[in-house]
There are 2 protein chains.
Amino acid sequence: MIAATPPAPYYAVIFTSLRTEVDEGYGAMADRMVELAAQQPGFLGVESAREDLGITVSYWRDLESIKAWKANTEHLVAQQTGRSDWYSQYKTRIAKVERDYGFGSPAL
Amino acid sequence: MIAATPPAPYYAVIFTSLRTEVDEGYGAMADRMVELAAQQPGFLGVESAREDLGITVSYWRDLESIKAWKANTEHLVAQQTGRSDWYSQYKTRIAKVERDYGFGSPAL
């Protein structure tokens, strides 16, 4: 689903990754992180797709919300296992959404 | 590939879309738009993945580069055909990347 974010400005965390061949625990972790992120203060939505490259964009009210999510204990464990097992490369970009526009309903 | 962008700040255009069942011309257009974007002044890289949801993030030096790309004649035709044929929904978000960090080479 296209995230139904509120009017700009808000923040995006663009997480781009390449996987290793280690699959154990990955799917459960990915599902759990989406579930857990959605419970955090300031969470606005998430969009995700993977072919060879995986892209997950999560949306947040402000930088403080992102900082708190990054420091979440269960998320820290996932980040650590990501580096040791699941990802060969990743990049995280923190960006301020200044403007948005769309087409089609209901996610305008 | 994870885009090897320069040090922040720079800009991201996050384009999230859902497809219709019309496939004619879509693949060729998508390939051509990546090729054409890469020739534009200020282009820094692009990342793309699609499952049900498609996410394409292109990176740009500044807002002027994004504005010029949006107004590119061949790109305008693709945007128009996207609305009439290929996409049931899309959302475009213009965001300023304030910070980034990564793991693994070579795309740190």
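User: Where is Asn72(A) placed?

Analyst: This is a predicted model. In it, Asn72(A) is in the loop between helix H2 (63–71) and H3 of chain A.

User: Is Asn72(A) buried or exposed?

Analyst: Asn72(A) has a relative accessible area of 16%. Buried means under 20%, so Asn72(A) is buried.

User: And what does Asn72(A) touch, not counting residues up to four places away in sequence?

Analyst: Leu36(A) and Gln40(A), leaving out residues up to four places away in sequence.

User: On to the helices. How do the axes of H2(A) and H3(A) cross?

Analyst: They cross at roughly 65°, and the axes come within 5 Å. H2(A) and H3(A) are therefore roughly perpendicular to each other.

User: Which residues meet there?

Analyst: From H2(A), Trp69(A), Lys70(A) and Ala71(A). From H3(A), they meet Thr73(A), His75(A), Leu76(A) and Gln79(A). By class, this contact of H2(A) with H3(A) has three nonpolar, three polar and one charged residues.

User: What about H1(A) and H3(A), at what angle do they pack?

Analyst: Helix H1 (residues 26–37) of chain A and helix H3 (residues 73–86) of chain A pack at about 150°, and their axes are 11 Å apart. An angle over 145 degrees counts as roughly antiparallel, and H1(A) and H3(A) are therefore roughly antiparallel to each other. The crossing of H1(A) and H3(A) is left-handed.

User: Who makes the contact between H1(A) and H3(A)?

Analyst: On H1(A), the residues are Tyr26(A), Met29(A), Arg32(A), Met33(A) and Leu36(A). On H3(A), they are Glu74(A), His75(A), Ala78(A) and Trp86(A).

User: How many of those are nonpolar, polar and charged?

Analyst: The contact of H1(A) with H3(A) has six nonpolar, one polar and two charged residues.

User: Now chain B. What is the angle between H1 and H3 of chain B?

Analyst: About 150°, for helix H1 (residues 26–37) and helix H3 (residues 73–86) of chain B. Their axes are 11 Å apart. H1(B) and H3(B) are therefore roughly antiparallel to each other, and their crossing is left-handed.

User: And which residues make that contact?

Analyst: H1(B) supplies Tyr26(B), Met29(B), Arg32(B), Met33(B) and Leu36(B). H3(B) supplies Glu74(B), His75(B), Ala78(B) and Trp86(B). Sorted by class, the residues of the contact of H1(B) with H3(B) are six nonpolar, one polar and two charged.

User: Switching to aromatics. How many aromatic pairs are there over all chains?

Analyst: A search of the whole structure finds 18. In the pair of Trp60(B) and Trp69(B), the ring centres are 6.1 Å apart and the planes are at 25°, so the pair is stacked.

User: Are Trp60(B) and Trp69(B) buried or exposed?

Analyst: Trp60(B) and Trp69(B) are both buried.

User: Which residues form an aromatic cluster?

Analyst: One cluster is formed by Phe15(A), Tyr26(A), Trp86(A), Tyr87(A), Tyr90(A) and Phe103(B). Tyr26(A) and Trp86(A) also take part in the contact between H1(A) and H3(A).

User: Tell me about Val46(B). Where is it found?

Analyst: Val46(B) is in strand E2 (residues 43–50) of chain B. Its relative accessibility is 27%, so Val46(B) counts as partly exposed.

User: What does Val46(B) touch, if residues up to four places away in sequence are not counted?

Analyst: With those set aside, Val46(B) touches Met1(B), Ala3(B), Val34(B), Thr56(B), Val57(B), Ser58(B) and Tyr59(B).

User: How far is Val46(B) from Val13(B), C-alpha to C-alpha?

Analyst: The C-alpha atoms are separated by 9.3 Å, and the two residues are 33 residues apart along the chain.

User: And Lys91(A), which strand does it lie in?

Analyst: Lys91(A) is part of strand E4 (residues 87–103) of chain A. At 1% relative accessibility, Lys91(A) counts as buried. Lys91(A) and Ala38(A) are 53 residues apart in sequence, and their C-alpha atoms are 21 Å apart in space.

User: Last one. What kind of peptide bond runs from Ala8(A) to Pro9(A)?

Analyst: A cis one, with omega near 5°. Pro9(A) lies in the segment before strand E1 (10–19) of chain A.

User: And what joins Ala8(B) and Pro9(B)?

Analyst: A cis peptide bond, with omega about 5°. Pro9(B) is in the segment before strand E1 (10–19) of chain B.

Terms used
Residues numbered from 1 in each chain as written. Chains lettered and ligands numbered in written order. Predicted model: local features only at pLDDT ≥ 70, side-chain atom pairs only at ≥ 80, totals over all residues. Heavy atoms only, no water. Axes fitted to C-alpha atoms, helices over the stretch in contact; angles between N-to-C directions. Helix = DSSP H or I, 4+ residues; strand = E, 2+ residues; numbered from the N terminus. Parallel < 35°, antiparallel > 145°, perpendicular 65-115°, else oblique. Left-handed = near helix turned anticlockwise from the far one by under 90°. Contact = heavy atoms within 4.5 Å. Nonpolar A, V, L, I, M, F, W, Y, C, P; charged D, E, K, R; others polar. Buried < 20%, exposed > 50% of the residue type's maximum accessible area, 1.4 Å probe, protein only. Phe/Tyr/Trp six-rings, centres within 6.5 Å; stacked < 30°, edge-to-face > 60°.
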